[in-house]
Amino acid sequence: LIGTVLNVMRKRLDFDRGMVMIANQEKTRLIYRDGYGYPPELETLLTHTGFHLDNPHSKGVAIQAFKKQKPFLVNDISEIEKDLSERSQEFVRRMGSQSFICVPIVYENESLGLISMDNVSSKRTLTGSDMNLLMGVASQTAISMVNAISFQKLQESEEKYRTILERIEEGYFEVNLAGKLTFFNDSVCRILGYSRARLKGMDNREYTDSETSVKMYKAFNEAYRTGKPTNIIDYMIIREDGTTRNLEVSASRLNDSAGEPIGFRGVIRDVTDRKQAEAMHREKL
């Protein structure tokens with residue numbers, strides 16, 4: 001995302017160089033993430049230089065822009081040198097900037113980082129219009145960053161969720177309103193006795209008899225109408241190899257983000273061994 005933003009700025013905006021710095025998770029440092037126009041030695045310097053956000057004595061423009069959420073436009077570096085620390089003065093000297101604009105990346109009053117653009121060889125005077133343009137870029141960048149982070153967190157959450165489901169012994173499944181399997185863990189394959197490829201899109205009528213299929217339809221229809229979970233105890237399924245197993249299912253309605261029903265989710269358990277043990281015990285009695 002940051003690389004894309006910088007690539008657009010490099011092609012469309014009239015600056016010699018540009019970079020994006022992002023705050024670390026603890027918001028203690030500003031870290032260089034990407035840039036353009038810098039020779040290798042300055043790229044290395046930026047990569048190994050972090051601006052300390054947790055130092056109350058820091059007076060650098062980057063720190064002030066981030067903390068105050070305020071853009072800065074400087075057309076003559078010499079005008080601000082006296083306000084900089086010796087370390088900051090040395091950094092500015094090595095960077096060789098003649099003029100620059102520093103704009104914070106802010107989303108809902110939270111500073112995420114900053115965009116800095118500068119001129120080295122160009123003698124063009126930077127203007128308020130340049131700063132306003134970069135503020136617009138920073139605003140859109142902030143939105144895109146938050147969306148990207150949210151998407152990453154969602155992917156991580158889904159991956160964790162799916163990993164947990166794959167590790168449980170019970171069969172977890174999701175079906176659409178037509179009753180066709182849309183998602184299921186490996187335990188469902190093991191319990192039902194079908195391959196993953198064969199089960200995808202299958203509904204219960206393909207592995208139960210007609211009586212059981214009707215019973216399941218009524219139970220799921222009740223869950224659909226009331227929104228309450230349903231349980232079906234002791235029903236028989238026919239596996240692909242012709243053997244039968246006794247199962248129990250607990251299911252509930254699955255809604256979308258707007259609260260509209262889109263299917264069902266549930267857990268199945270193979271209770272065949274338990275049923276056989278109970279039958280043997282009754283025979284002994």
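Trainee: Across which strands does helix α9 (residues 272-284) lie?

Mentor: Helix α9 lies across β9, β10 and β11, running at about 130° to β10, where helices (H or I, at least four residues) and strands (E, at least two) are DSSP runs numbered from the N terminus, and angles (0 to 180 degrees) are taken between N-to-C directions of lines fitted to C-alpha atoms, for helices over the stretch in contact. This is a predicted model, in which local features need pLDDT of at least 70 and side-chain atom pairs 80 or more, while totals for chains, interfaces and linings use all residues. Residues are numbered from 1 along each chain as its sequence is written, and side-chain values use heavy atoms, without hydrogens and water.

Trainee: What is the strand order of the open sheet?

Mentor: Strands of a sheet pair through backbone hydrogen bonds, either parallel or antiparallel. Here five strands, in the order β8-β7-β11-β10-β9, pair antiparallel (at least two DSSP bridges per pair). The edges are β8 (181-184) and β9 (230-238), each pairing on one side only, and neighbouring strands are turned by 30° on average, direction ignored. Helix α8 (residues 210-226) packs on this sheet, touching β7, β9, β10 (244-255) and β11 (261-270), with contact meaning heavy atoms within 4.5 Å.

Trainee: How many aromatic pairs are there?

Mentor: Rings of Phe, Tyr and Trp (its six-membered ring) pair if their centres lie within 6.5 Å, with planes under 30 degrees apart stacked, over 60 edge-to-face and the rest tilted; the count is two. Phe220 and Phe264 have ring centres 5.1 Å apart and planes at 85°, so this pair is edge-to-face. Because Phe220 lies in helix α8 and Phe264 in strand β11, the pair ties together parts 44 residues apart in sequence.
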